[in-house]
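Hi,

Here is the structure I promised to pass on. Have a look at it first, and then read on for what turned up.

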Amino acid sequence: MILKSKDVFFEYSWVPSLNWSPDSPTLVYFLGYDSKIPRKPTRKWKWNMLYISDSSGMGQKGSWFFGTGGSPDILLSIESFLLEMALSGVLSKSSLFFSGKGMGGHAALYFHALLGGRGCYCHNPTSNLVNSDYSNNKHKEIFSSIFSSKKTHEYQFLPDFLSRSELKGEILISHSESGIFFNEHILPLESLVSVRISEKNNF
């Protein structure tokens, strides 16, 4: 399915478990930059799967699940979408787990904290899109079209946002990065009580 408007463009695939009930655990998986939802996702016996991809931004490869021009249109739309699914009884808000890699990991961390997820697993997530080499130099062209240069959104610096949130579930972060990326994005999350970090090359 595709949700599209003038300012919002994201895709999702809802795959209910084979043993679905209103309280079945749901894994919300945010896809990474320039990634597509599996054409024929496998149904799990216990777990509901909700894949979400961002098809906005430069070349429709993604705008970090935020939006463009400093306006968090996609971020707010995904939040509303998840809450509406919970209100309709399709999934349980108290049984949400979040996951993602890279760009998707950034979104997973944010929504885990925002919606009180029961657990979160991310691989190589970004967490600092304010003053990092990754956002200000390496991929400056991408992020300058996403965020405002005049006002910082809480989504851009996750260590602060997560530290102010009441985290209900554990966060596991695996990484295969070192050097500047690790120091700017992974290491700042290590001090959070609910976070465990491990070095792992496969996701």
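Before we start, one term: contact means that heavy atoms lie within 4.5 Å of each other. Also keep in mind that this is a predicted model.

With that in hand, take Lys44. Skipping its neighbours within four places in sequence, Lys44 is in contact with Ser17, Leu18 and Met49. You'll find Lys44 in the loop between strand 3 and strand 4.

Now follow the chain into strand 4, which covers residues 48–54. Seven of its seven residues are buried, so strand 4 is largely enclosed by the rest of the structure. In a regular strand, side chains alternate between the two faces of the sheet. Here is how that looks in strand 4: Asn48, Leu50, Ile52 and Asp54 point one way, while Met49, Tyr51 and Ser53 point the other way, and all of them are buried.

Which strands pair with strand 4? One is strand 2 (residues 9–15), which pairs with strand 4 in the antiparallel sense over six bridges. In that pairing, Phe10 stands opposite Asp54. Another is strand 3 (residues 26–30), which runs parallel to strand 4 and is joined to it by five bridges. There, Thr26 has Asn48 as its bridge partner.

Rolling a probe the size of a water molecule over the atoms shows where empty space is left. The largest pocket holds about 310 Å³ of space. It is lined by 17 residues, and the closest to its centre are Thr126, Tyr134, His139, Glu177 and Phe181. Helix 3 (133–138) and helix 6 (179–186) are the elements that give two or more residues to this lining. By type, the lining has seven nonpolar, five polar and five charged residues.

The second largest pocket has a volume of about 240 Å³. Among its 14 lining residues, Asn136, Phe147, Ser148, Ser149 and Gln156 are the closest to the centre. Helix 3 turns up again here, and helix 3 and helix 4 (140–144) each supply at least two lining residues. The largest share, three residues, comes from helix 4. This lining divides into four nonpolar, seven polar and three charged residues.

Cheers

Notes:
Residues are numbered from 1 along each chain as its sequence is written. This is a predicted model: local features need pLDDT of at least 70, side-chain atom pairs count only at pLDDT 80 or more; totals for chains, interfaces and linings use all residues. Side-chain values use heavy atoms; hydrogens and water are left out. Buried means under 20% relative accessible area, exposed over 50%, partly exposed in between (1.4 Å probe, protein chains only). Helices (H or I, at least four residues) and strands (E, at least two) are DSSP runs, numbered from the N terminus. Two strands pair if DSSP finds at least two bridges between them. On a 1 Å grid over the protein atoms alone, a cavity is a set of points where a 1.4 Å probe fits but cannot get out, and a pocket is an open set with protein on both sides within 12 Å along at least five of seven lines; lining residues have an atom within 4 Å of a point. Grid points are joined across faces, edges and corners, and a volume is the space filled by probe spheres set on the points. Ala, Val, Leu, Ile, Met, Phe, Trp, Tyr, Cys and Pro count as nonpolar, Asp, Glu, Lys and Arg as charged, and the others, Gly among them, as polar.
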